[in-house]
Structure formats: structure tokens, C-alpha cells
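Let's walk through this one by way of its helix packing. Have a look at the model first, and then we'll start where two chains meet.

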Amino acid sequence: MLFNALEFWIFLPVVWLLYFSIPSKIRWVWLLCASYFFYGFWKIEFAGLMLITSLMDWYSAKRVHAASKIIWKRFWMWFAISTDLFILFVFKYFDFAFGKSELAYSLYHNNSTAWIIELGKYTIPAGISFYTFQSISYVVDVYRGNEQPEKNPIKFMLFVSFFPQLVAGPIERFGRLHQQLFQKYSPKLEDLKNGGRLLLYGLFLKVAIADNLAGVVDAFYSNPADYSVSSAWLAALLFTFQVYYDFFGYSLLAQGAALLFGIKLMDNFNKPFIAQSVPEFWHRWHISLSTWFRDYIFIPVGGNQKGAMRLAFGVLLVFFTSGLWHGANSTMIYFGLSQGVLYLFDRFIFKKTLANFKIGIFFRQLKTGFFFMMTLVFFRSQSIDQSTGIYSMLFDINGKHAKTASETMVTTYNFDEAGKAISSNYGPKVLENLSAEFSIWLFLLIGFLLDHLIMKSRADSWFASLPLLIRWVAYLFMLVAVLLFGGAVNHPFVYFQF
Amino acid sequence: MSRNNEILNILKWFGSRLIIIAAFLFLLNFIYSRYFFDADIQKFSRVKPNIEDAFKNAEIVYLGESSNTSFNPWTDTLSQSISDFIQLYLPDSSIKAITHEGYHPGLFRQMLNLIPEDPSARKVNTIILGVNMRTCGPSAIHSGNEASNQREALFYSHRPPLLSRIFMGLHFYDSRGESERTRMKFQWWRTQPINKESFSNLKYNTAFEWITDLDKLYGDSIPEEIKHMASAYVKEFAFILNDDNERVRDLKSIVDLCNEKNIKLLFHILPPNRFHASMLFSHYEGELMIMDTTLTQIMDYNYEFLKAKFKNWGVPFVDNYRLKSAEGENKGGRFTDQWYPTEHYDAIIRRDIAETIAAELLGVKLDSSEFISRHNKVNHILKQNNFPNWEIQMPLSFDKLHQWSRALPTN
């Protein structure tokens, strides 16, 4: 179930009402059932996978805690990590890594395993990377002695499956989320109001801005060669905002939905486009993933305490993993690695040389945003060929792209009026200019303005601070934007596929 | 006590907001209907006004997919669609067609919602619905266009316009993406049995087994085009119809809706390219080419199934499944797509189909004097309007198939 689907808006109030109608002792059981329903609504097999991951990690963590010797602690921790990663690999990366191998062929021609190959190839289990990472962090935290293991496997299942953050995060830590899930809580009007504000604002960002931008960007990426160079720049720019508003919108929706149950999820974004460097950017963008990588990969391989070379290795390893985490495609690896290289550039070169010049803050922010926009070409492209094609379009200073395109003779048969005449049009190809409707620009502008205005607080408290009339005008405006101008094509959340 | 107070506060707060929002939505529906709805219809459901117009102003409405309007760019100097031809045979009736590539009974069923309830507000009394076999198969059911088709169909209803817009924005329709649909197609080919005891020579249990075996069957000497074509024929036609089939259920719903609205319904079964379907799996014994009927047996089974259903439902139908001009003597040459299985025909087949439908509507036989007289009149009109040279044929895949088939292994 997606947050931008009508089913969710029926599901959420029903779950909420029943949650507070039953005795507080068994509320968490209801929340668990609702979470599995939420996930299994899309495909029941996926709920089974999550169940296996949860039980495996719960058991492993228990054994980690119970083991007296470090070697057994280590064994059980690695057992959990490797089984989690194995499941992740089978359903997300197998087709990418071995799709054309004999092994894949024989698995696909065996009826008992063919469904796995089909799922991995066409329908990766939603959010598998998110809940796998969340579950791994629990086992490692128990190993490190930072957390006590949960005794009840069913309760642990709720930690992994809690529906607001299940399919696209934030990736919460056990210590923070688990405690809130089982605390005694009575519904509070203030939480309800704030949750509602976050839900509405998140939906506005996703449905009115990101989904509409997606339509424009998709038009370009479906056939880039048909478009002019300026269109390529526009598509790159709009995609940057599409990803941002899509994921930021999702995170707000997740926070809003959780708040209705009295659970405060962490902030996943903190104005990333005011970052002056790539390292700062990653402190502000998808914070739950960045901190996960920091705690479970970067620091264990040496962090920034063991010299520049070790740091560079750690950074590249993190960004390589991050790229791979984002998707089973070589374009994602390029995306991750290019961000890693730019991170090192900012950290070692820009900081020590150019930063000494009095370059304005605005220029630095622009540079960081520009770096991100450029690497997102990899993120959005279907293949390396497509991304290199788009890069060559973007830097088409001599107009080579326009020239090549105009030399392409095309033949089109006019089938519009069936058979009136068979008309063949021969002529130079005319490059199209990408354009967006006025309403899309307006919503984007309002998105910027709100981002700017809500600079120092969170959206819910900012809206709450507005005078009543202005606040309601804002609510109704967002409601109108969602209901009347929401993107028509179903674009699942960009991060949903991870 | 304080918990109860808080709950009471929440309920009060909710109540007042709900009233404001309900009133706002009511107003919004008015504004949307007045200022935005038409633009959205133009953008997302362009055919809707034509459907409404057809039901209001035409006595006969023809519902079909691309087979109605497709034509042969090589030879057709006549552009008339099947429905246009029917109109020529029935000049006293007003006929309008709703046709579009990829339309299917599931969409037609939803279009029927737009027939005005009040009989005085509509002129339509007969609906003709073209049925092709492929539409019931996995490729059509799980087509990549289906999400946009279903989005379009959201507007084929009399619900408040704002509700349709909300359903679209919040994807309250079958909006599954292309990737998921591809997976479902493969799952169908892999798991749905195609074998029946009555089929002779069929050694495969599923379409997937058959497709996989094509490489072995053809070896390396057969060009890729032929393999692709054979694979496409298996994918499109190797399935077994039953009552659970989505399209069969849709057809039944259409029958029920037409009965409910007291509208005459006429199905007509479109001819598939049976010649290519057997030619692709043929082999030679000496100089004699032996046509393989394995796939056509499945096609025939499905045809018989549909025919039995139509009879069972009490719906009249025109049976063009084995229309003479579409059969083998023309080597599949009157099908305009020579390298892919479609029901796209040249003018001769279109005209022949139209004749059978017109005769059924008139309640006469094709060889009756009344119909022959109409036929002659139509031919006269066509002659005045650049009557085609029926002898012209486009380049046929048969000629190449014929040559390549010799390389096929003998059984």
C-alpha cells in the first residue's frame, strides 16, 4: 500500500480508531496485524519474506546476547547479517549479477524457484533494503552491547514492520523506536493536529509537486534524443527537485502517520540544498541512511581516525555500498561512486584550496546542489549508455547534438485518420523543448517558499505558529492542489523501489 | 477522567473540521465541474465525449479495438473502417464507432455506464462488439497500456467529477506498472496449463515450455524474425479460455448490462491469422509442406468456448472466425501485420466482415437477393470512390516463411 493511494487514506483512520478502541495492553498486536496487512496488501509473499528476516534476526540477537565467548557472539552476528544480505541479494541483486547465467536459467526453468527469479527481475519486494538495514542494525547493536535483546519475537516483528516507516524509512534504531512502540500512550489532540499537518504537507509535496514533475521528467527520459540541449538541463534540474520532494514528502507522511500513534520518527531531511559541501549535504539528505552507513560501515573500517587514505577508502566504500543499496543497476553504482569522489574533492581539495578564497556561501550551495544534480543523471538513467548520452547532451557546447538530430531523416506514417491518405513526411527532425504546465511551476515555487520559510523549525510546528486564517488558507490550498492537480500517472515513491 | 476529556476534545475538534472540509469539498466539486473538468477530460479521457455523443445520437454503436480502423498502407486505397462499411450497407441507420488501439471488453463494459438511463435521452438501440481471441490472453490482459486505459475509464461514470479526479490523483484504479504486468505475463505463461487431451501432438504443458523449446525446434538456421514471430504467436494465442478469464467475465457483464438497459447486443468474432499460426510450425516432407495444427487447435478450442458462451448467454453473434478472405488461400496476405499476430485487415476483409454484420442486423442471408442488391449498390459507391485493385498484395512474410520453412526439421 502506498501513502499516495486512496486505500491508505481509508486504512489509516480505521487502524487509528481501532487502535485506541482496544485495551492498551494489546494495541501493539493490532499495530502488528495492521503493519503486515499494509505490507501484504501489495503482495503476500513479501510479508512472508519480512517475517523470515525478523525471526532470523530476533533469534540471532538472542544467541549473540546469550553467548559467553566472543567467537560465538561474532558467529551469530555474522550469521544474521549474511542471511539478511543473502535474502536481499536473491530478491534484489541476483538478476543484476547473474541474470544471464546458467544458474539463473536453471532456476527459472524450475517451477519451485522460478517465482523468485520473476519477483527479483520485475517486482523487487518493496522496501526490502530499508527493513533489512533496520533489522541488521538491531543485531549489531545487541552484539556491541548497546541494546538488550527483545525477548518476545512477536514484539520484535513490530519493530521491523511498523507500517509508517516500513517501505521507505526513516531507518530507525531499535533503542529509539522499540521503546515508543510499547509505551503507554493516550491520544493527544496536539499530536493529532501535528500529525495531520505533516500528512497534508507531505502529500502536497509528493502528489502536487513530485508527481507532476515526474510527468515532465519521464517525457524527457523516455526519448532524450528528441529534445534540445536546454531541455536536458531542465530535465536534470527538475529531476533533482522531483527526488527531493518525493522522498521528503514520503518522510513527512511517515512522520505524520506515526505521530497519530504517539510515535516520533526521526527527521530524515534537514534542508539539504543549503549545504555548502558534499559532506554537509549527506548530513542533511536521507539522514537515517547516512548515519546508518556512518555507524555500521564507515566507523568500523576506520572512520576519520586513521589517516587520509583510510578515510578515503571508507568514504568510497560507503558510497559504493550506498549506490548499490539504491538499486541493482550499474548506474546506481556510478551514482554512489561519483558522489564519493565529489565528497573527497570537497573534503580534501576544495576545503584546502578554493575554500580559502572568499567564495560566497551562495556559490558553495550552488556548487553542492550542482554536483548532486549532475550525479542524479546516473540515478535516473536506465543504463550507462543513456546516462553518457545525456551527459554528452548537457555539455553540447558546439551544438553537435542538435546537428546530429537535424540530420536524422525520419519517416512517419500518418495513421491518425485511418486510411484517408497514406502520408509520408520526410524531413529533418525538429527537436522538442521540454515544458511544464503553469500549475507545476506554481507548486514548485510554493515548495521553495515553504522550504525557505520553514527553515528553522519542523513543518508541523511552523504551520501551528501561523494565524488561524492564514493557516487554514494554506491547508485548503494544499488540499486543492492535491485533489485537483495531483499527478495523473501513478509514480510510486522513488525510494519505494529500494 | 482526563483521558476521556482528551478523547472528547478530539471528537469535537474532528467534528467541526469535518463539517468545514465536507462543505469545502462540496464547493470544490462545483468549481471543478465548472472550470476544470472539461480540460481534464480532454487531457485524460479524450474519448469520453465521443462515447456520450454516440450513445445519444446513433442508433447503432460499434465498439472495437484497432481492427476496426487499421488498414493496409501498401494496398488500401479504401480507408473505410469496418463500421464505415456497415454504414454503407445500412444507409438508413445512424452508426457511430468507438474504437481505439488496445481497447477491450473490460473498458467497453465501463463505457456502457455512460448510456443515459432515460431511454428518451438516448438513441442507441444496438451495440456491436468486436471480439478477438488475443484480447483474452495474457499479453492483452497484462498489457503495459492497461494502467492508462484504466485511468481513462475512471471518467466513464456519472459520479461527481471531483471524485473521479481524486480517484485519479490517488490512483484508485488498477494502476499497476509495466514491470509488475510483465511479471504477471511471465507468470501466466509459466504456470497456466495449455494442454488438453483433445489436442493432438501438443507436447508442452505451458506456453513457457513451448517458447523455451522454440530455439531447439528451429536451431540456428532460422532467422531471428521467424523465431520472434513464432514466439509472439505462442505468447498471444497459447492459452486456454475458461470461466475465470477476466475478459470472459467482462463479456458476461456486458451482456447483463445490455439486458438491463434493454439494448440489443451483437458480438462478432474477428478472424485471427490461422494460416500464419500453422505455417510457423510447419515442416516439409519431401516437397510437401505439412502444416502443423498444434497452435490452431488451441485457438479453435477457445473459439468454440466463446461460441458456446455466447449461445449460453443468449446473445446473437456473427461468426467470422474462419472468414474465407482471411483464410489460408491468401497465405495470410490480407492481414496487414505480416510479422506479428494482430487482427488488422485490408479492405477486403474489413468489407467482408461488415457484410456479415450488416446481414445479421438486417436479418437476411448474404446470398439473399436483398443483400446482393445492397452489395451491388455499395460496390457502385466504392467504384466511384477509387475502388481498390483487389489483386494488389503487399510483400508477404509467407514468401520468406515458405523459403525458411524448408530448413525446419522434419518430425
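H21(A) and H7(B) sit roughly perpendicular to each other, a label for angles of 65 to 115 degrees. This is a predicted model, where local features need pLDDT of at least 70 and side-chain atom pairs pLDDT 80 or more, while totals for chains, interfaces and linings use all residues. Residues are numbered from 1 along each chain as its sequence is written, chains are lettered from A and ligands numbered from 1 in the order written, and side-chain values use heavy atoms, without hydrogens or water.

Back to that pair: helix H21 (residues 468-485) of chain A and helix H7 (residues 161-169) of chain B cross at roughly 85°, their axes coming within 7 Å. Axes here are lines fitted to C-alpha atoms over the stretch in contact, with angles from 0 to 180 degrees between N-to-C directions. Helices are DSSP runs of H or I, at least four residues, numbered from the N terminus. On the H21(A) side you'll find A:Leu483, A:Leu484 and A:Phe485, meeting B:Leu162, B:Arg165 and B:Ile166 of H7(B).

Now stay inside chain B. Helix H9 (residues 207-218) of chain B packs against helix H10 (residues 224-237) of chain B at about 160°, with the axes 10 Å apart. That makes H9(B) roughly antiparallel to H10(B), the term for angles over 145 degrees.

Stepping back to chain A, 57% of its 498 residues count as buried, meaning under 20% relative accessible area with a 1.4 Å probe, protein chains only.

Notes:
Buried < 20%, exposed > 50% of the residue type's maximum accessible area, 1.4 Å probe, protein only. Helix = DSSP H or I, 4+ residues; strand = E, 2+ residues; numbered from the N terminus. Parallel < 35°, antiparallel > 145°, perpendicular 65-115°, else oblique. Contact = heavy atoms within 4.5 Å.
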